[in-house]
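Dear colleague,

I am handing over the structure below, together with a short account of what was found in it. Please read the notes with the model open beside them.

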Amino acid sequence: MANGGPVEHGYPHLDTVRASITALYRRLSYDTVHTFATSVAPVDVAFADTDDLYLGAQRVAREMVRHYHLPDARMIIGFREMTHAANVELTAGPEYFVELNDRFRTHRRDIGAALAHEVMHVYLHRLDLSFPGTRDNEILTDTAATYLGAGWLLLDAYREDAASSQKLGYLTPEEFGYVLAKRALVFGEDPSIWFTSPQAYTAYTKGMAKARGDEQQPPLTAAGWAGRRRYAKDRRHAQDHPVAGPHPGVPYEFTPDGRGPLRVSFPCPTCHQRIRVPVRGRVRARCTLCGTVLECDT
């Protein structure tokens, strides 16, 4: 939790974020991911200063449990002084003890954001889905919470001005915006209407530009002129040097296929699983993981 300190920006964790989206589709399946097509509604996690602290926190926790489809999980909420925003004790359940930073006693509108992350820890724990190392596992948790409809709260908790700053979660604001944009492109949902933080809206628009860039990489037909020209040059080189390695700085890679045609592999712009197709001009490919149909010019 950045509380008054510097806020990191940019996309330093982008590879892990993309790997997290792929892992979600692999572990949950396309059909299960699409049961989260509707995000947590602002009214369901609203927390007024006049609300009872503990009863209000329990109410918001129950909403997160409902949203994540954890009907037999119960969250017991407490508050204490700590460095991090919150912590959850992962056990066999059905009761889970969540501790929130004492700061939330007076910053109650951000309790939903903290619980979005902590209850997602429980969800992933029950799925037995994790990444090695604390850092990558926390990035997985932020990404999963955001992609499955509760992480817009984490981005909205980001506020920064000349005198103070606050950010929850391990992703940068732009990375939260990127995952929200990836979700919006799949489900047709615009989370920006819920933002109360102008900085959150700015981060979301930057993330959307990055997410749309994923859909404009060759060999996809939506690629721009410069990308298509670079792709054609790399393809000629691969045809003349069939054992050459990957080309740096581009998402695609050419590989020989025995006595068959040259093939190109590239990440699906939706779930980032790699797709491999023959190099033979116009090709329509379907991602076996997320079902996205891709128009390619290989």
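Predicted model: local features only at pLDDT ≥ 70, side-chain atom pairs only at ≥ 80, totals over all residues.

The crossing in which H7 passes H8 is right-handed.

On the H7 side, the residues that meet H8 include Pro173, Gly177, Tyr178, Ala181 and Leu185, while among their counterparts in H8 are Ala203, Tyr204, Gly207, Met208 and Ala211. Sorted by class, the contact of H7 with H8 has 10 nonpolar, two polar and six charged residues.

Turning to the aromatic rings, a pair is described by the distance of the centres and the angle of the planes. The count comes to nine aromatic pairs. One of the pairs is formed by Trp152 and Trp194, which is tilted, with 5.2 Å from centre to centre and 45° between the planes. Because Trp152 lies in helix H6 (residues 152-156) and Trp194 in the loop between H7 and H8, this pair ties together parts that are 42 residues apart in sequence. Trp152 has a relative accessibility of 3% and so counts as buried.

A further pair is that of Tyr231 and Tyr252, whose ring centres are 4.9 Å apart and whose planes stand at 75°, so that the pair is edge-to-face. Since Tyr231 belongs to helix H9 (residues 225-240) and Tyr252 to the loop between H9 and strand E7 (253-255), the parts tied together here are 21 residues apart in sequence. Both Tyr231 and Tyr252 are buried. Elsewhere, Phe36, Tyr68 and Tyr123 form one aromatic cluster.

Finally, I would draw your attention to Leu154, which is placed in helix H6 and, with a relative accessibility of 2%, counts as buried. Leaving aside residues up to four places away in sequence, Leu154 touches Ala113, His117, Asp142, Leu168, Gly169 and Phe176. Between Leu154 and Pro173, which are 19 residues apart in sequence, the C-alpha to C-alpha distance is 9.0 Å, and Pro173 is itself one of the H7 residues that meet H8.

Note on methods:
Residues numbered from 1 in each chain as written. Heavy atoms only, no water. Left-handed = near helix turned anticlockwise from the far one by under 90°. Helix = DSSP H or I, 4+ residues; strand = E, 2+ residues; numbered from the N terminus. Contact = heavy atoms within 4.5 Å. Nonpolar A, V, L, I, M, F, W, Y, C, P; charged D, E, K, R; others polar. Phe/Tyr/Trp six-rings, centres within 6.5 Å; stacked < 30°, edge-to-face > 60°. Buried < 20%, exposed > 50% of the residue type's maximum accessible area, 1.4 Å probe, protein only.
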